[in-house]
Amino acid sequence: MLSSIKALPEPVRQYLLVTGNYWAFTLTDGALRMLVVLHFHQLGYTPLSIAMLFLFYEIFGVITNLVGGYLGARIGLNKTMNIGLGLQVAALAMLLVPSSMLTLVWVMMAQGISGIAKDLNKMSAKSSIKMLLVSEQAVSDDIVKKQKLYGWIAKLTGSKNALKGAGFFLGGALLSLFGFTLAIAIMAIALTLVWILSLCSLKRDLGKAKNKPKFSEIFSKSRSINILSAARMFLFAARDVWFVVALPLYLGSQFGWDHYYVGGFLALWVIAYGFVQTQAPKLTSKSDGSAPGGREALLWACALTAIPGLIALALSFNLSPQLSLLAGLMLFGAVFAVNSSLHSFLIVHYASDDGVSLDVGFYYMANAMGRLIGTVLSGYVYQVAGLEACLWISSVMLGLTALISIYLPKD
C-alpha cells in the first residue's frame, strides 16, 4: 500500500496524507467528546457542569485559530498539523490518571489542550488543500480550478464529519466495552502511530508564506472574509446550542436510550451529515456549472432558519415527540451540511494564495467562537428551560446568519 501511495503524483500523495491525518484525528476527537459527555453524566454531573468541561476546549480553539494561521504561514502547515497530532496524544494521556484525579479542572485542562490540537489540525488540513491545488500546474482555467477546489474541500469536510460520527459511536461503544480509562488508552496508542507516520511523510514547508507575515496581520483585512466569518459564527452557535449537550442528555433522559443508542444514533446522524457535505457541489453549483457564491449561501441559510423552530413547536404540542425530533434532526442535518460545506469552500476561495492559513485561521476563529457560545448556552439553557428553548435560540441565530449573508459578494 505504501508503495502505491509513493507512485502517485506529489500533490495527490500529500492530499492523501493530509486527509489521513485529519481522519485519524477526527475519529479520536469525536470519540473523546462522547466519552466525556456520557462518562461524566454517569457520574452525576449536571448539564451545565458537562458543558463547562468543554469550556477550555472552545476558548483555546478561538485563540488557536487566530494564532495558528500566523504560525502556519511562518513555519509551514506540515509543522502545525504535526504539533496538533502530538498535542492530542498529550491530551489523551492526561486522562489516563487515576479516577480520583479526574477533577473538573483537570479534565477542563485536558480538553483545552485537545481544543488547541483540533483547531491546529483542522486549520492545517483546510489550508493545505488550496496550496496543493495551486501547485497543480495543469489546472489553469479559473472556473475549473474553483470547481475542483470546491470538490476537494467538500470531500475533505464531508469525510471528516463522517469520521466524527463514527467517533461518536466508537466513544459510546468503547465506554460500554472497556470503561473510560482503557478506552482512552486504546485511542492514545492508535493516534501515536499516526503521528509517527505523519512526522516521517508530510512534505516540508507546505503552506509557508513567501513573505513572512507580521503578527498584526492575524486579523483579516478582507471584507468578504469578515462577513463570512460572522455568518459562520452564528451558524455554528445555532447548531451547538442544542446539539452538543442538550440533545444527548435529552435522548437519554426523555427517551430512555442507553449509551449505545445515544452514541450510535448521533454517529449515524453525523455520518449522514458528512455524506451530504460531499454532495454539496452538486446541490449548490450554478446552472452553468460554475461554483456558487454569496447568493447561494444566503438561500441555504434561509432554508435552514425555520427548521429548529418547527421542531420546538412539535415538541411543545406533544406531536409524536420522538418522531418529530428525529425527523427534524435529519432534515436539519442535511440542510446544515450544505451550508457548512458551502462556507468551507467560500473561505478557501476568498483566502489569498500566499499565507492562506492567515485568512483560514481567522475564519475558523469565528467558527470556534460560535462553538464556544453554543456549547455554554447548550448546557445552561437546557438546564434552566429545556430542549425547546435551545431550539428557539437556534432559529434566532440562524436568522442572524441569513441576515449577515445578504452582504456576501453575490458571485
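## Basis of the description

Contact, as the word is used here, means heavy atoms within 4.5 Å of each other. The structure is a predicted model, in which local features need pLDDT of at least 70 and side-chain atom pairs count only at pLDDT 80 or more, whereas totals for chains, interfaces and linings use all residues. Residues are numbered from 1 along each chain as its sequence is written, and side-chain values use heavy atoms, with hydrogens and water left out.

## Overall architecture

The protein contains 16 helices and zero strands, where helices (H or I, at least four residues) and strands (E, at least two) are DSSP runs numbered from the N terminus. Of its 411 residues, 59% are buried; buried means under 20% relative accessible area, exposed means over 50%, and partly exposed lies in between, with a 1.4 Å probe and protein chains only.

When contacts between residues at least 6 apart in sequence are considered, 87% of them join residues at least 24 apart.

## Helices H9 and H10

Helix H9 covers residues 223-243, helix H10 covers residues 246-254, and the two pack at an angle of about 25° with their axes 5 Å apart. The axes are lines fitted to C-alpha atoms, for helices over the stretch in contact, and the angles run from 0 to 180 degrees between N-to-C directions. H9 and H10 are therefore roughly parallel to each other, a description that applies to angles under 35 degrees. On the H9 side the contact is made by Val 241, Trp 242 and Phe 243, and on the H10 side by Ala 246, Leu 247 and Pro 248. These residues divide into six nonpolar, no polar and no charged, with Ala, Val, Leu, Ile, Met, Phe, Trp, Tyr, Cys and Pro counted as nonpolar, Asp, Glu, Lys and Arg as charged, and the others, Gly among them, as polar.

Because 16 of the 21 residues of H9 are buried, this helix is largely enclosed by the rest of the structure. At 1.5 Å a residue, the 21 residues of H9 should span 30 Å, which agrees with the 30 Å between its end C-alpha atoms; the expected span is 1.5 Å times one less than the number of residues.

Thr 26 lies in helix H2 (residues 10-42) and counts as buried at 5% relative accessibility. Leaving aside neighbours within four places in sequence, Thr 26 is in contact with Lys 160, Leu 163 and Lys 164. Val 194, in helix H8 (residues 180-201), is partly exposed with a relative accessible area of 21%. Not counting residues up to four places away in sequence, Val 194 touches Asn 21 and Ala 24, and its C-alpha atom is separated by 9.8 Å from that of Gly 86, 108 residues apart along the chain.

Thr 278 belongs to helix H11 (residues 259-278) and is partly exposed, at 23% relative accessibility. Apart from neighbours within four places in sequence, Thr 278 is in contact with Ala 154, Lys 155, Gly 158 and Ser 159. The C-alpha atoms of Thr 278 and Trp 152, 126 residues apart along the chain, are separated by 8.9 Å.

## The loop between H13 and H14

Asn 318 is placed in the loop between helix H13 (294-316) and helix H14 (321-350), where its phi is near 55°, a positive value in a residue other than glycine. Asn 318 counts as exposed, at 56% relative accessibility. Ser 320 is found in the loop between H13 and H14; its phi is near 45°, a positive value in a residue other than glycine, and at 45% relative accessibility Ser 320 counts as partly exposed.

Notes:
Parallel < 35°, antiparallel > 145°, perpendicular 65-115°, else oblique.
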